[in-house]
Amino acid sequence: MERPEVLFDESHCGQCACGEGLDFQFSFAFQPIVDSSDESVFAYEALVRGTGGESAWSVLSQVNSQNRYAFDQICRVKAVKLASRLDMDAMLSINFMPNAVYQAEYCIRTTLAAARNYNFDINKIIFELTEGEDLSSIDHLVSIIKTYQKMGFSTAIDDFGAGFSRYNIMTVSPPDFLKLDMGLVRNIDREPNKQAVVNGIITMMRELGGRIVAEGVETEEEYAWLRGRGISLFQGYLFARPGFESLPQPHFPKL
C-alpha cells in the first residue's frame, strides 16, 4: 500500500498547521478487549488520562475548538508510541474526533509517520468514533470511515445505542466494529426490552459482516447472556480494569 510521505518530529507534534499547541499534558490507560472464543486479548483501548493517572474528564475538559485538532493528532501519536513501548501484540483502539478531521487523507499523515517511527503496524490500529459527537455532516463521517478503511485501518462506532444511533452510516459505510453502549449492556440478562434491541443489532451486524464488542460488562450474568447470543468480543470490569501506562491481563469467568 502506498503511503503519503511526511516528516515526523515528535518534538513538534504539539504544533499543528491547523491547530494551536496544547498547554496541558496527558497520557493513557489501556483496557483490554477480550475474545471469549479463545480467551485471548483482541485489542487494548487507549483511554486518555492525566499524567498522574487522573480521570479522562480532567484532560477532556481542557479540549476546545481552538486546540481540538492538535489534541486529536497528539492523542494518536502518544497512543502509538506507548503501545510500541509496551510491546503491544494486540490491536490498538484509539478514539478520534471527527470534528477535528477536516480532511481524512491529510489528517492521517501524522499517524502514519508515528507508526513508521515506532515500528507499529497500521493494520493493528482501530479508530473509534464516539457516537454521541455532534456532527454537521454525515457525509463527512462516511468519508473518514471509507478513507481509513482503504488505508488499512479498522473502524468502530463506540457507544452505539446511547441515543444518537446513526443507522444511516450503517447503510452507506458500515464500520468494522460496533461497540454496544454500556447502558444497553447493564442488566441485559433481566431486561427483555434491551434484549430485543440488542438482538436486532446482532442481526444487523451479522448481515453487514461486522463484529460487535459488548463494553461495560460487569457481571457474569450479563456476560453469559451476551455470549449466548454469539458475541465473542467483550470489554469491562468483569475482565480487567484499565491499567495506567500498562497492559493489564484479563480474567475470564468460568461459566
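Is Asn119 buried or exposed? In this predicted model, Asn119 is exposed, with a relative accessible area of 71%; buried denotes under 20% relative accessible area, exposed over 50%, and partly exposed the range in between, with a 1.4 Å probe and protein chains only. Residues are numbered from 1 along each chain as its sequence is written. Because the model is predicted, local features need pLDDT of at least 70 and side-chain atom pairs count only at pLDDT 80 or more, whereas totals for chains, interfaces and linings use all residues, and side-chain values use heavy atoms, with hydrogens and water left out.

The mean pLDDT of the protein is 86, and 85% of its residues reach 70 or more; pLDDT is the predictor's confidence in each residue, on a scale from 0 to 100. Over residues 1-20, pLDDT stays under 50. For residues 1-20 the model has 38 contacts beyond four places in sequence, a contact being heavy atoms within 4.5 Å. Where pLDDT is low, the predicted coordinates should not be read in detail.

The protein comprises 9 helices and 9 strands. Helices (H or I, at least four residues) and strands (E, at least two) are DSSP runs, numbered from the N terminus. Of the 255 residues in the protein, 52% are buried. Among contacts between residues at least 6 apart in sequence, 70% join residues at least 24 apart.

Helix H2 spans residues 68-85 and has 18 residues. From its first C-alpha to its last, H2 reaches 26 Å, close to the 26 Å expected at 1.5 Å a residue; the expected span is 1.5 Å times one less than the number of residues. H2 is mostly covered, with 13 of its 18 residues buried. H2 packs against helix H4 (residues 109-117) at an angle of about 15°, and the two axes lie 9 Å apart. Axes are lines fitted to C-alpha atoms, for helices over the stretch in contact, and angles run from 0 to 180 degrees between N-to-C directions. H2 and H4 are therefore roughly parallel to each other, a description applied to angles under 35 degrees, with those over 145 roughly antiparallel, 65 to 115 roughly perpendicular and the rest oblique. On the H2 side, the contact is made by Gln73, Arg76, Val77 and Val80; H4 contributes Thr110, Thr111, Ala114 and Ala115. An α-helix has 3.6 residues a turn, so residues three or four places apart point the same way.

Residues with positive phi occur after both of these helices. Asp87, which follows H2, has a phi near 55°, a positive value in a residue other than glycine. Asp87 lies in the loop between H2 and strand S3 (91-96) and counts as exposed because its relative accessibility is 60%. Asn119 likewise has a phi near 55°, positive in a residue other than glycine, and is found in the loop between H4 and strand S4 (125-130).

Helix H5 (residues 138-151) has 14 residues, which should span 20 Å at 1.5 Å a residue; its end C-alpha atoms are 20 Å apart, in agreement with that value. The buried residues of H5 are Leu141, Val142, Ile144, Ile145, Thr147, Tyr148 and Met151. Just after H5, Gly152 takes a positive phi of about 110°. Ser173, in the loop between helix H6 (167-172) and strand S6 (177-180), is buried, with a relative accessible area of 4%. Leaving aside neighbours within four places in sequence, Ser173 is in contact with Val142, Ile145, Lys146 and Gln149. The C-alpha atoms of Ser173 and Asp139 are separated by 9.9 Å, with the two residues 34 apart along the chain.

Gln235 is found in strand S8 (residues 233-235) and counts as buried, at 2% relative accessibility. Residues up to four places away in sequence not being counted, Gln235 touches Gln31, Pro32, Ile33, Glu45, Lys179, Val213, Ala214, Glu215, Gly216 and Val217. His251 is located in the segment after strand S9 (243-244) and counts as partly exposed, at 48% relative accessibility. His251 and Tyr237 are 14 residues apart in sequence and 9.5 Å apart in space, C-alpha to C-alpha.
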